[in-house]
Amino acid sequence: MTKLFIARVRGPAGDRPLVTVRAAAEGEAKLFVEAAYPEDDVLDVTEPAEWVSDADTGTNAGDVREHPGVAWQPPAARAN
């Protein structure tokens, strides 16, 4: 069973739009994102708190999706 994770990714031109990934655990999610963006820095990977999207976030393990127009924001439980 996969869970949804959100990732903050920074490339040479700056932060990418929000990236989502489906994985069984946070460590696996980070590996999928690193493989999808080998030249970029993966700054954070976390489960979204109550984030809701009408965009397709995939269903299978390893589904990595970029969401143009959506910027990274840490989940409410971590925003201090």
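**Entry 1: the partners of β1**

I began with strand β1 (residues 3-11), which runs antiparallel to strand β3 (residues 18-23) and is joined to β3 by five bridges. The model is a predicted one; local features need pLDDT of at least 70, side-chain atom pairs count only at pLDDT 80 or more, and totals for chains, interfaces and linings use all residues. Residues are numbered from 1 along each chain as its sequence is written, and side-chain values use heavy atoms, with hydrogens and water left out.

I noted the terms: strands (E, at least two residues) and helices (H or I, at least four residues) are DSSP runs numbered from the N terminus, and two strands pair if DSSP finds at least two bridges between them.

Opposite Ile-6 I found Thr-20 of β3. I then looked up strand β4 (residues 41-46), which pairs with β1 in the antiparallel sense over five bridges; Ala-7 has Val-45 of β4 as its bridge partner. Strand β2 (residues 14-15) also pairs antiparallel with β1, over two bridges, and there Asp-15 is the bridge partner of Arg-10. Two residues lie between β1 and β2 in the hairpin that they form.

**Entry 2: the order of elements**

I recorded one helix and five strands in the chain. Read from the N terminus, their order is β-β-β-α-β-β.

**Entry 3: the nonpolar core**

Which residues make up the largest nonpolar core? I listed 11 residues, among them Phe-5, Ala-7, Val-21, Val-33 and Val-45. Two or more core residues come from each of β1, β3, α1 (26-36) and β4. Such a core is a set of buried Ala, Val, Leu, Ile, Met, Phe, Trp, Tyr and Cys residues joined through side-chain atoms within 4.5 Å. Buried means under 20% relative accessible area, exposed over 50%, and partly exposed in between, with a 1.4 Å probe and protein chains only. In soluble globular proteins, nonpolar side chains tend to be buried together.

**Entry 4: the whole chain**

Of the 80 residues in the chain, 34% are buried. Among contacts between residues at least 6 apart in sequence, I noted that 64% join residues at least 24 apart.

**Entry 5: confidence**

The pLDDT, the predictor's confidence in each residue from 0 to 100, averages 86 over the chain, and 86% of the residues score at least 70. Among the elements, α1 has the highest mean pLDDT (96) and strand β5 (residues 64-67) the lowest (91). Where pLDDT is low, the predicted coordinates should not be read in detail.

Key:
Contact = heavy atoms within 4.5 Å.
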